[in-house]
Amino acid sequence: MIRRIAGTLATLALIGSVQGAGPSPDVQRDIDEREESLAYHIGVQAYVYGYPAVDLMHVMGRETRRADGVQRVYAPVNTMFNYRTLATPGTEGDLRAPNNDTIYFSAWLDLSAGPVVLDVPDTAGRYYTVAISDLYAETEHIGRRTTGTGAGRFLFVPPGWQGALPAGMQLIENSTTVVYLLGRMYSAGDADMEEASRLIDAFRISAHEGSHEPAPRDFPVREDLQRVEFFTWLNRILRESPTRADEAALMAQFDRIGVGPSQVFDLATANPAVVAGLQRALKDGARLIELAAREKVEPGWIVLRDLGTYGYNYLRRAGVVRTGTGANRAEENLYPANLFSADGKLLHGGQRYTLRFEKGGLPPVDAFWSISVYDARTHALVENPIRRYSIGDRTPGLVHGEDGALTLHLQADEPAEGPHNWLPTPSGAFYVIARLYQPRQEALTGAYVLPPLWPVPGS
């Protein structure tokens, strides 16, 4: 006990507990090192945790404010944007590996001034889905699979809303005041484009009774994701939207370095040691997410079944958002991807390939399926002479063999058999994505596996 008291007295003397004295230079250096190290270690976790929210707020700013004349998407908050055409090499804009099966439509909702109403038209059985994502990329769906294709009214409410649900409306509760909607409307092609686009235009967003125009916002710029201002934005977001009760301990750690929901983070007055630690955390946190965004690359089809809902897997959701703005849940769409042929070599346009579905072995879906090819360098659809950017169960003129099998030809030049079953590829490296809309249980469990891509001998 005497030894412990003596040690405490020595420490107090060392740090200058006597009135008017300050810590010695050695002690101050130790204190600064401790604060920097603590900010670094907690800061890496905070960066991974908050990356989706700050990144999505940046995208919101880019799409809801007029930036330049070539802006692909522009619609003010609480307004729907209609892409009006299927994605092609000339229309895909900033989309990464977009589908060529549905017309996209989108909206950014700001619920800070009260609930908003989404009116949905009757699509008469036509497939559509709207992914509803909070700032952390947690996703729910309305549409054919979940709410049907009849006309409907949905009330989107902010966190903690206590009002009465009007008759005839379905309640959509949200965990953040900012909500991203990304819709997909089935289109059979050029002849069907006008009708599909007309249906999208019938999706209407309006203010709920008692709501008013949300106040103008500031938004992070792209560079803020790589500099210490990131933590200012994260702190704003955490203070604006309530955090989950089961994340209280994590938020207390964020508070410890000044960026949590109970603090106001100000770079101008922040401890320089903390700022130094956060600057280190930015670099390592960004590298960690970059690595997480690279899925395990190996021969065969890569099938991800944990998209759209992440629980405590903060690194997983950050990696997903880094490659796009989010993803549908597996029950809505599966996206098997393949970079290799059956012999373990990377896919390349200098080689021809076949993808053979035996009789009864087509992808099991309750909606439809497709196969698309993307340039491995640009992640873009591939321009080709027959303007075919996907092939699947809705492609007219597919030819089945006498045994009932369906063989698709993936190659840069037209097959000798003709273009019926041809999916054109680029001349260089490429990858393939299959899309299963409303996949059946055997696809969700992995009982069904897509066939391999076989190289054609001598090609």
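**Helix 7 and its neighbours**

I looked up what the buried residues of helix 7 pack against: helix 2 (25-64), helix 5 (248-256) and helix 6 (272-293). Contact here means heavy atoms within 4.5 Å. Helices are DSSP runs of H or I with at least four residues, strands are E runs of at least two, and both are numbered from the N terminus. I note that this is a predicted model, where local features need pLDDT of at least 70, side-chain atom pairs count only at pLDDT 80 or more, and totals for chains, interfaces and linings use all residues. Residues are numbered from 1 along each chain as its sequence is written, and side-chain values use heavy atoms, with hydrogens and water left out.

Next I checked how covered helix 7 is. It spans residues 314-323, and seven of its ten residues are buried. I listed them: Tyr314, Arg316, Arg317, Ala318, Gly319, Val320 and Val321. Buried means under 20% relative accessible area, exposed over 50%, and partly exposed in between (1.4 Å probe, protein chains only).

**Salt bridges**

I then turned to salt bridges (a side-chain nitrogen of Lys or Arg within 4 Å of a carboxyl oxygen of Asp or Glu). The structure has 24 of them.

I looked at aspartate 110 and arginine 217. Their side chains meet in a salt bridge at 2.8 Å, N to O. The pair links distant parts of the chain, 107 residues apart. Aspartate 110 sits in strand 2 (residues 102-110), and arginine 217 in the loop between strand 9 (204-207) and helix 4 (229-240). Buried or exposed? I found both aspartate 110 and arginine 217 buried.

I moved on to glutamate 195 and arginine 198, which form a salt bridge at 2.7 Å, N to O. They are three residues apart in helix 3 (residues 193-201), so about one helical turn separates them. Glutamate 195 is partly exposed at 32% relative accessible area. Arginine 198 is partly exposed too, at 45%.

My next pair was aspartate 366 and arginine 440. The closest N and O atoms of this salt bridge are 2.9 Å apart. Aspartate 366 lies in the loop between strand 12 (353-357) and strand 13 (369-375), while arginine 440 lies in the loop between strand 17 (430-437) and helix 8 (441-445), so the bridge ties together parts 74 residues apart in sequence. I noted aspartate 366 as partly exposed, with 44% relative accessibility. Arginine 440 also counts as partly exposed, with 38%.

Last, I looked for a network. Salt bridges link Arg34, Glu35 and Arg256 in one.
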